[in-house]
Amino acid sequence: MKIKSLLLVICSSLLLTGCWDERLLKDAYLVYTMGMDKEGDEVAINIYVPPFDQFHTEGSSIYQVGRTIRDARYIANSKSAENIDYSKLQLIMMGEDLAKEDIYFYLDALYRNPHNNLSARLAVVEGKAGDLLHKPLATQKNTTEYFTGLIRSAEFVSLMPKMSLQYACTLLFDPGQDLYLPYLAFDEQTNRGEVSGIALFNDKKFTGTVLSQEQATLFNLINNKLGNVVRLTRKYKEKEEPETGNYMTIETTMGKAKIKIENNATLATTIKIQIKAVVTEYAPLVPDEKAMREVEEWWTKEIKKDAEELVGIMQEAKSDGFGIGRKVAAFHPQHWDEKTWKDKYAELPVIVEVDFKLIGTGLID
Amino acid sequence: MDKDKRINQDKKIIEMVSIPELFKEVSFFLGNTQDFIKRDISVDEGEAFCMYIETLVDRERLEELLEWFQRSMWEVGEVATTSDFQIIKADSSINDIGLRIVKGEAVLWILNDNGWTGFSLICPLNRFRAIEEPKNEQVVRGSHAGFNESVLTNINQIRSKMRSKNLVVRYLTIGKETNSTCVLIYLDNIANQMVVEEYIMRVQAIDSDMAFSIGYIEEFIEDNSWSPFPQFLNTERPDRVAANLAEGRIALMMEGSPTALIGPVNFFAFYQSPDDYNGRFLVGTFYRLLRILSFVIAVFLPALYIAVIGFHFEILPDDLALPARRAVEGVPYRPIVEALLLELTIELIREAGIRLPNPIGQTIGIVGGLVIGDAVVNAGLISNLMIIVVALTAISSFVVPSVEMNTTVRILRFPFMLLASGFGFYGIAIGLMLLTIHLVKLESLRSPYLTPLAPFHISSLKDMFIRMPSWLQNKRPPGASPIDKKRQGDSRWWKNEREK
Amino acid sequence: MNAKNEITGWQLFFIIVQTQIGIAILAMPTDISKVAKHDAWISMLLAGLLIQLVLLTYFFLLMKYPENTYFDMIEKCLGKFIGRTIAVLYLAYFMYVMVISLNGFEQVITSWIFEETPKWVVLLLYIIPAVYLARESVVILARFKMLISFLIPVLVFSLFWVYLSNPQYLYLFPIGGTGTDSIIKGVQPAIFALIGFEAFLFFGSYVKRDKAKNLKIASFGTLFVTVFYIFVIVTTQIFFYVDEMIIVPYPVLYIMKALEFTVVQRIDLIFLTIWMMIACSSFTSYLFLGANTLGRVFNQEKHTKMVYLIIIIVYGISFFPETETEVAEWTDLLMKISILFSIAIPFVILLISLFKKKNRKEQSA
């Protein structure tokens, strides 16, 4: 009884005074997209808030320069009528210049705050993030929805695996694997943004090397991180009319890769790629046994060539996106040295083996 | 006066010398009430007269009995005690006679050379409702009979449902002034004797002068009156009473109340409806789960909403955050004020609806629900999300098949709303813990309230959240600690037989 | 139905589980990983085995004096005065555990959801249900703990999500690579995380029927907790890289925060709510024990008033450590004295009791 009355007193006093940590949704200025750029020695942030009523198609944005991310945010808050809230942050876009520095310094503020959304996506932007965000886009959606959607659809078509803030930080800490992020660019012709490839990181810094869209798909395949749809299109024949007739599109139903590392000082590495695919677009294909074998052989060579090229690029950039270092550390700890690993990696002998199987020709026989 | 009465009530009939004197004494005992009537009758054996309270006696029946009495040749030994007649001992006191008269019996006295000979003619005036379906416990399938205000009719209804030699009825009288008859019913071979004793003890301990309704008694005999939870199951359905008796529980009924008070019960008994057993088991299970869910919604939904809107909106999925943000844009009040405003409106509509005749009640519902709801959103006072939440809560709280639990649930959500408005999820967690501890502590007739969960009984879970087919529930639930734990054997042996 | 003050073996099982799983579960993976790196789970396994040995001591003690409480045993072995003194020391120990527990709880709440709410409010709310429960008899306590235990599977299932999303099993390799030294050093924080197993000794005397069988059932309580903790450690380690885990104070909460669900975005807040109940339940065990011990010291039959007395003192003391470092210092001290109280003293008592028995035999012979 005493306890109940005590409780009652506490409750009613609370109702009267209001509370310490109350954050009312109606006062929150929900940021969905944030761009970060370097502005001299300072950091510039662009924050985007989607519209709160039906009458506006475009939300509001704030641009602010500050010493640190938190500093810029703090100043931005003083410029806004509501309380700027980052708990619904969907996308963090980093300008190229900023990404070339140790990005953990910039992400730390987002990572540590308990209110923040750890499943926010990260992206590197060609040029400045602010510029891309301010470009007029040929789309019906508002800026924030558009860019988030862009990343989501890139995940769907296997251009880029899901890369959340949380996973990115794990990779940043792990010396055995490097971060990779989607690379956003602006397409002048269509007035739209696009995910033009994968930005490779060495340790915590952007290397400047970007994988093309075709390489990105292969990269994801070797990383065993494919999305829902995986399509590869290559030029199969040279002189057919019309030009489209030269190209063959396949859709893989199963694609996986294994990385094996020999247990000796050279750490010779073998990447075994296994693909089962269906031809979805190639008009001249006659589905007989011989033609199928030919196609298979051709694709095997093609993928092998591409994969070797891909590995070459990555070694040159000293970016270990496949996590070869992690495997060395886990299984051959005697050959693992955190400090010299990157130099060793660049010189690593890598052999690519491809096992390509055609299991169908789509709907048309 | 008091002293006179005391002297008066101890006087024996034998001491009286004449009929007028007897009448005067009894009349005095009854406070000279004017509906106390004397009628002289002529019989061969001597002087005779009959006295009764005219407002308690069925006139026609009395005439029939008297006529039969006069016509038949009788001798004291011949007229045995029957349901219509009872012989009164000559050494009874005025007090005994008075009590008989107050109960509605007509007392017939014959004075001759042998002294007084007394009979009691039982012809009470019964004006009761017909048996109809209880309004607040309607079912779709199954019996539509309900109790009425006559305890005899009610026992008759139960007895005709279970014609068992083990069904025991015990009469108890409570209320120093009202002398109300209470009836305790249980199955002798199943109900735990200790629980029966406890129940009787508690009823007899009531030292109140009045007891009008069973709800009045309930407060005296429950384990914890401060608890918001009902510790006895109230029902007006004979089939529900019978089912509970068969599980070893005990029912208390009272003359004048159409309700049976069943104990010991557990929390989940309030969420069981006879409908569950009449339908298919999948359907029964589904609706039972739905009811438990309705409890959760009715108690916690407004609190959760307040906590989310006021503290933890990051918990909203990305696609919902924006619509929610749009909905609360421009609402002037804090969520708790918003919620209280709307909850109180709903309670007002409900309370107004009960007292009003049906057609007007509906109108009030529509005006209150639709008009106020729409207007309040348009005026920007309250967000439309809050309307959804409160409406859903209101509907959920009416799902409970028990009236008392329904009110409990509606009251319970207010402290949770306050806690949520103060401390968000933390407050809700604290409230939830207090509630859980309270439920674990609570007992109904000394048996734990949260029975199949705490203490945990795996076998009786079969009839708690889910309803397994009846032929699988071979054991009685342990809540009432029945003596005979086994309910039934294998009723479907033919199934295995055929497969062989 | 239970007779008064008697519990079954399963109820004791859950009392032990609920006493052990408290504040520690959130910070435990970090604390052990700081020392034992990615082999933290091995440390936990070793600690668990060690605790099982300690339980054996308890078991012998309880079986030797089946009618007595632990304090009765001490008095029988060491005489009334020393017995009293030791009881007072235990009382101080329980209160110290309560203070640490309150402070640990407050730190979690402050850093995770309530940054502004003052400590006194958070703690006041926290102790209300604890007092409400600790006033009751041991039977009610046992029933409540059994009921609350249904929440543990919820925690396990929500953690299973990690295995479906992006588990990095390689982070566990090479197994044992941290070196024996570190692993053994990690046993100490692991034992600290398992503190609460002494509940077996104190609550064991409430088991009255089939003592041997029921105590055996209950001794699986710590085993269950050990397995559960190993599961938690492994789950956090395949989610975070070790270096990252060290900077993340409450890895389990971080995991929950990073997981994406469609209905509820931030599962960690729900997890936190569930955890609060479990933590409070653990706190209540100590409050109950403390009140009973105090009741014993003052020769009081009913412990209800003692609960109020103790909670007021504990609530007062809990404001002494102000900064995080101070709390850490206090906690370090607890780590040492808990070994004294939960392992050393019972062991000595067992030895003395064995010796006494021998003595008596010699005398009689």
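Predicted model: local features only at pLDDT ≥ 70, side-chain atom pairs only at ≥ 80, totals over all residues.
What share of the 365 residues of chain C count as buried? Of these residues, 62% do, where buried means under 20% relative accessible area with a 1.4 Å probe, protein chains only.

Residues are numbered from 1 along each chain as its sequence is written, chains are lettered from A and ligands numbered from 1 in the order in which they are written, and side-chain values use heavy atoms, with hydrogens and water left out.

Chain C contains 16 helices and 0 strands; helices are DSSP runs of H or I of at least four residues, strands runs of E of at least two, numbered from the N terminus. Its radius of gyration, taken over C-alpha atoms, is 21 Å, which agrees with the value near 21 Å for a compact globule of 365 residues; the globule rule is 2.2 Å times the number of residues to the power 0.38.

I turn now to chain A. Here 8 strands form an open sheet of mixed pairing, in the order β4-β3-β2-β6-β7-β8-β9-β10; strands pair if DSSP finds at least two bridges between them. Strand β3 (residues 42-49) of chain A runs antiparallel to β4(A), joined by 7 bridges. Within this pair, A44(A) stands opposite V65(A) in β4(A).

Notes: Buried < 20%, exposed > 50% of the residue type's maximum accessible area, 1.4 Å probe, protein only.
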